[in-house]
Amino acid sequence: MKYELKLYLLKHFRFIFIILIIPYFSYPFGFQKPKGLVYNIQYKYPFKKKADSLFQLAKTCKNPKKRITILNKEKNLFEKHKITTPLYYRTLTALGISYHATNQLDSAIYYHQKAITNKSTNSRTIISYLKLGECYFQQGEYYKALLYNKKTILLSKELTKNNLLFNAYINRASILNYFKKESFTNARFYYLKKAQKLLKTTTINGLQKSKIFYQLGMYYRDSKPLGFNLAKKQYLLALSYAKENNSKKQIGIVYNALGNLYIATKKDSALYFLNKAKKYRESKYINFNMIDAFMQQHKTDKAIRLCNTTLNTYCTNAQGNYTNTKFTVHILTKKATVLITKFQKTTSNKYLNQALTTLLEADRIIDTIKQKSEETGTKMFWSKLATPVYEKIIYCSKTLNNTSLAFDYIEKNKALLLSEKISTEKALTKLSPETKNEYKQLNKTILTLEERIHNNTQTKNKDSLQEKLFDAKLLFETKFNSIHKTVATQLLEKQLSLQEAQEQLANDEAVISYFWNSNNTRQQLYILYYSHNKSKIIAISSQGLKHKIRNYLKHLQKPFATKQEASVFLANANDIYHTLFPTELLAVLNEKKIQLIATDLLQLIPFESLVVNPKNKHYLIYDYTISYLYSYNFHEGNKQRKNTASKSLLAFAPIHFSYDSLRTLQYTAQEVNAISKQFASSKYLNKEATKEQFLKQCSQYNIIHLATHAAATNKTKPWIAFYDSKLKLYELYTMQLQADLVTLSACKTNQGELATGEGVLSLSRGFFAAGTQSVVSSLWQADDQATSSIMETFYSLLKNGKTKASALQQAKITYLNTHSLSEVSPYYWASFVLTGDAKKLQQLPNNTTVYHYTLIVFLLMIILLLTYKQVFQKK
């Protein structure tokens with residue numbers, strides 16, 4: 001048998017050989033490339049030799065642009081032969097680094113993103129993750145930068161790449177430096193300490209050591225009161241390591257930091273250090289600090305010239321347009337500040353107009369950055385960063401008497417993300433049901449993971465969750481980024497003008513919008529008033545106002561114990577009233593229905609409790625029907641939502657709670673029972689009032705009433721309690737409600753983190769994000785019995801056809817008229833405020849009425865039929 005097989009093989013050898021060899025030569029003619037041996041032949045000879053020679057040439061090339069050309073040739077070789085080996089991914093990473101070196105960030109991101117698709121993770125993959133974090137940071141995508149940086153840390157730990165881990169820690173501290181939050185500041189110090197620990201176990205060169213002490217110096221610079229000396233010590237250590245490593249760039253960076261430190265503490269020698277920095281490197285950041293130094297010496301002309309030089313040298317492209325970078329925004333804002341200072345010295349409108357033009361250019365760049373980002377955190381960060389720009393535009397607008405422009409930017413600084421939520425909902429309606437559902441589920445996954453990471457304290461579990469979050473966000477960006485960019489662009493185009501807003505108002509309605517200009521040397525509060533046919537912007541001094549409001553809030557949140565306490569409160573409330581309703585405003589305010597758009601701390605006080613006349617305890621609530629808005633643009637956009645509730649009232653009162661030792665709320669059952677008599681309702685009390693039941697029912701109802709516990713502070717994320725568990729703020733952002741009115745008869749439901757440029761991140765805001773038209777919410781821990789009384793009257797008045805704002809006003813006045821002594825303290829009646837649509841409740845189709853009409857029509861038809869028969873029979 002063996003002999004026969006050998007004979008057969010020898011006889012047919014040439015045919016077997018041809019069959020085996022055909023695939024190797026067929027690939028160039030369009031046949032599918034075979035695997036295995038062919039791959040190795042194509043790759044190893046002569047391709048590898050050529051690819052390696054190109055890569056080595058690129059390594060020795062010092063000119064980044066030429067290096068890009070060489071690396072692109074190498075990349076094209078790989079792609080021509082459709083080969084993706086580790087060397088191909090190495091080339092992609094090198095291309096990303098080279099594009100980054102020439103400040104072509106979009107191209108750098110493109111190649112690093114391709115590089116991380118390598119399924120085999122190695123050092124170069126980690127470098128691409130690290131560099132992606134740096135690129136996004138430079139683009140102003142701070143939260144995305146943190147995301148990729150975290151991925152770098154996780155992979156570096158996994159593969160024990162301590163040098164890369166060290167760089168990742170330093171980068172993370174650098175990114176966190178941009179967030180002026182206490183939690184971020186603590187995290188920054190944490191990562192710097194972790195980097196310091198690596199110095200003991202890892203070979204770190206002098207340049208890297210210099211970077212860590214430089215970052216520690218920046219951390220201590222922001223610390224008080226010992227910041228200066230500690231920061232200087234760290235900077236000098238950084239300087240010594242930079243000199244030891246002979247890194248001119250790093251030496252210049254540290255000298256620049258020392259100059260900045262002396263400017264921040266208003267000490268002499270700032271220019272000495274900045275000039276030393278210039279000897280080692282020319283840098284836009286050195287120029288930026290020198291502008292501040294010139295301003296401290298009142299050399300405004302020099303400062304303006306240096307602003308222009310910096311913009312022309314570092315921030316302008318070949319076409320003469322400003323580049324879209326965060327530094328360009330900073331330097332434009334700095335230039336505008338100098339020009340405003342020049343105007344204040346000379347009173348020449350020429351400088352003010354130049355400042356306004358400069359600020360509008362900065363705003364255009366901020367809009368471009370926001371449009372690129374799908375990260376909510378990054379958008380909120382840029383809203384905060386944009387606030388000083390808007391403040392200066394409003395200052396210029398007021399001074400130049402341009403009320404319309406002031407309206408545009410007061411609106412632009414309020415609740416833009418809520419407006420974006422509405423636009424996103426509209427965009428989703430154009431998608432298929434499957435795609436829309438995928439969007440919602442992925443968004444819910446991201447929000448849930450973020451919440452779990454926030455609450456998780458175990459490092460191992462946290463790392464696992466971070467991995468999942470990164471993958472989810474990457475998938476979300478890949479699939480839905482185009483939606484967010486379209487929405488961001490449309491949102492800016494659809495902003496109402498002042499005239500369009502005025503046209504929406506009835507003759508008896510007015511809007512008063514407040515804007516706090518805290519960065520101006522003369523602290524000011526801007527008050528923008530507009531009605532159907534009038535508008536006016538007023539600037540008043542806000543010196544000491546925040547202190548008065550904080551005292552006012554303390555008095556509001558407890559009953560008056562003595563006549564002295566009442567007198568102090570009345571005097572304080574009257575003082576704040578005269579500040580917020582100055583004579584100039586009262587001269588034009590003839591309307592009795594006011595919609596207030598508050599700002600900063602003003603969002604935490606009920607204006608109804610301000611005192612017009614302390615002698616007779618005349619509160620503002622007696623004179624005006626007051627409601628609140630997040631912004632007028634959001635209000636108008638929210639009205640366009642088509643709510644399709646099919647049922648009337650859903651009421652929940654857990655009364656008792658099965659967790660966290662939450663106290664029993666004995667009056668809430670009485671409250672819910674009384675309200676339920678006013679409308680056809682579904683009510684859930686005690687153990688029936690579960691979170692699951694609420695989530696199951698809530699999307700069907702026109703009115704939702706929750707009588708329960710809630711909590712929120714600037715540090716604690718808001719939640720509202722059901723019998724068995726809490727509903728958290730982030731969950732509301734994934735829900736879709738149809739309610740015309742949500743009443744949160746609970747404590748502090750209008751409180752939360754105060755986000756600059758967005759407002760208070762409260763439960764109330766969460767219900768608006770979910771689709772609600774109006775919300776009644778509380779500003780402090782309300783009294784159960786007083787709340788129950790006010791709510792019963794409120795719903796009775798709603799039932800009788802009163803508007804929401806008028807019903808709440810009358811319910812409070814009724815309470816005041818039926819109580820006396822300490823019980824008329826604003827603590828009892830002023831906590832609840834109405835936000836959103838203030839008109840009458842939307843009417844649902846009445847099934848009983850439909851039934852009656854149907855019956856009448858049926859009876860009429862029978863009568864006609866009988867009549868017809870009688871007439872026919874007579875004939």
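# Exercises on a predicted model

The largest nonpolar core has 152 residues, and those with the most contacts inside it are Y214, Y235, C396, Y530 and Y632. A nonpolar core here is a set of buried Ala, Val, Leu, Ile, Met, Phe, Trp, Tyr and Cys residues joined through side-chain atoms within 4.5 Å. This is a predicted model, in which local features need pLDDT of at least 70 and side-chain atom pairs count only at pLDDT 80 or more, while totals for chains, interfaces and linings use all residues. Residues are numbered from 1 along each chain as its sequence is written, and side-chain values use heavy atoms, with hydrogens and water left out.

## Exercise 1. A core residue

Find the residues that C396 touches, not counting residues up to four places away in sequence.

Solution. Step one: take contact to mean heavy atoms within 4.5 Å. Step two: list the partners of C396, which are I340, L352, A355, L356 and L359. Step three: look apart from this core, where another core of 75 residues lies, with L556, I626, Y628 and L741 among them.

## Exercise 2. Buried or exposed?

Classify K334, T160, S661 and Q700 by relative accessible area.

Solution. Step one: apply the cut-offs, where buried means under 20% relative accessible area, exposed over 50%, and partly exposed in between (1.4 Å probe, protein chains only). Step two: K334 has 17%, so K334 is buried. K334 belongs to helix α17 (residues 326-346); helices (H or I, at least four residues) and strands (E, at least two) are DSSP runs, numbered from the N terminus. Beyond its neighbours within four places in sequence, K334 contacts F288, I291, D292 and C307. Step three: T160, at 58%, is exposed, and S661, at 78%, is exposed too. Step four: Q700 has 26% and is therefore partly exposed.

## Exercise 3. Positive phi

Locate T160 and S661, and give the phi of each.

Solution. Step one: most residues other than glycine have a negative phi. Step two: T160 sits in the loop between α8 (142-158) and α9, and its phi is near 50 degrees, a positive value. Step three: S661 sits in the loop between β8 (647-653) and α29, with a positive phi near 55 degrees.

## Exercise 4. Two helix pairs

Describe how α9 packs with α11, and α29 with α33.

Solution. Step two: the axes of α9 (residues 162-176) and α11 (residues 206-221) come within 10 Å and cross at roughly 25 degrees. The two helices are therefore roughly parallel; angles under 35 degrees count as roughly parallel, over 145 as roughly antiparallel, 65 to 115 as roughly perpendicular and the rest as oblique. Step three: N163, F166, N167, I170, A173 and S174 of α9 meet Q208, K211, I212 and Q215 of α11. Step four: α29 (residues 668-676) and α33 (residues 784-799) pack at about 5 degrees, their axes 9 Å apart, so α29 is roughly parallel to α33. Step five: the contact involves Q670, E671, A674 and I675 of α29 with T787, S788, M791, E792 and Y795 of α33.

## Exercise 5. A loop residue

Place Q700 in the chain and find what Q700 touches.

Solution. Step one: Q700 is in the loop between α30 (691-697) and β10 (701-707). Step two: not counting residues up to four places away in sequence, Q700 touches A645, S646 and K647. Step three: Q700 and Q738 are 38 residues apart in sequence and 6.6 Å apart in space, C-alpha to C-alpha.

Note on methods: Axes are lines fitted to C-alpha atoms, for helices over the stretch in contact, and angles run from 0 to 180 degrees between N-to-C directions.
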